Amino acid sequence: MMKEAIIIFVRDPQLGKVKTRLAATVGDTRALEIYIQLLQHTFDITSPVTADKYVFYHDGIKEADIWRAAGFYKKLQQGNDLGEKMNLAFAEVFSKGYYKVIIIGSDCLQLSSRIIEEAFIALDNCDTVIGPAKDGGYYMLGMKKLIPSAFENKKWSTDTVCDDTWKTILALGLTAGFLPVLTDVDTEADWLESKL
């Protein structure tokens, strides 16, 4: 078993159930097409990284999809809100003996294998690593041990998530490394910006 692991949160690509904010302007069919592209991109950039990969499904585990490749392990998200789901996912993966764990979603076209590798390197010298998103959230969070309070009392899907998480880490006397600010794709403008 490797010492490093990547948690990937995904949704099942179903018409009308993904990228609803994007769909408001481009329609459900185009939003689904874009999400499928984002899933493929996430697969493509995580595949070459030397780490075990755990794909946590939101809607139920699917067997016949891109994540059936070697090196990807399938899990189901547990918990009520996003914070609880991430906390439980980290807890499960850390329980397997990993020293460094990062979590990403499947929404960031600008994310690369190199940035993921930089996150693991940053954890050599920091307790946590944060990849800030342009909208005030984060596209990546990494840590060397479980920090439950990083996921508690946060207003998810708002522009304060990244700052509030950083304040929690500081209050615990822990350190954080920061990655480049990238754009998560939630809207049509985000999608167009990400492709520049």
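I began at the start of α3, where a side-chain oxygen of Asp81 comes to within 3.3 Å of the backbone nitrogen of Gly83. I note here that I am working from a predicted model.

Next I looked up the helix itself: α3 covers residues 82-94, that is 13 residues, and spans 18 Å from its first C-alpha to its last, close to the 18 Å expected at 1.5 Å a residue. I then asked which residues of α3 are buried. I found Gly83, Lys85, Met86, Asn87, Ala89, Phe90, Val93 and Phe94 in that class, and the elements that cover the buried residues of α3 include β1 (4-10), β2 (52-57), β4 (100-104) and β6 (138-143).

I turned to the sheet and traced its order. I read 7 strands in an open sheet, ordered β3-β2-β1-β4-β6-β5-β7, with mixed pairing. β3 and β7 (176-178) stand at the edges with a single partner strand each, so one side of each is left without a neighbour in the sheet. From one strand to the next, I noted a twist that averages 20°.

In β3 (residues 72-76) I stopped at Lys74. Is Lys74 buried or exposed? I recorded Lys74 as buried, because its relative accessible area is 18% and the cut-off for buried is under 20%. I then looked for what its side chain reaches, and found the backbone oxygen of Lys62 at 2.4 Å, while the backbone oxygen of Glu63 lies 3.0 Å from a polar atom of the Lys74 side chain. Leaving aside neighbours within four places in sequence, I listed the contacts of Lys74 as Val55, Tyr57, Ile61, Lys62, Glu63, Ala64, Asp65, Trp67 and Arg68.

α2 (residues 28-46) has 19 residues and reaches 27 Å from its first C-alpha to its last, close to the 27 Å expected at 1.5 Å a residue. I saw that α2 lies across β1, β2, β3 and β4 and runs at about 175° to β1; its buried residues include Ala31, Leu32, Ile34, Tyr35, Leu38 and Leu39. Helix α5 (residues 161-171) lies across β5 (128-132), β6 and β7, and I noted that α5 runs at about 165° to β5.

Notes: Residues are numbered from 1 along each chain as its sequence is written. This is a predicted model: local features need pLDDT of at least 70, side-chain atom pairs count only at pLDDT 80 or more; totals for chains, interfaces and linings use all residues. Side-chain values use heavy atoms; hydrogens and water are left out. Helices (H or I, at least four residues) and strands (E, at least two) are DSSP runs, numbered from the N terminus. The expected span of a helix is 1.5 Å times one less than its number of residues. Buried means under 20% relative accessible area, exposed over 50%, partly exposed in between (1.4 Å probe, protein chains only). Contact means heavy atoms within 4.5 Å. A polar contact is a pair of N or O atoms within 3.5 Å; within protein, one must be able to donate a hydrogen and the other to accept it, and residues adjacent in sequence count only if both atoms are side-chain atoms. Two strands pair if DSSP finds at least two bridges between them. Axes are lines fitted to C-alpha atoms, for helices over the stretch in contact, and angles run from 0 to 180 degrees between N-to-C directions.
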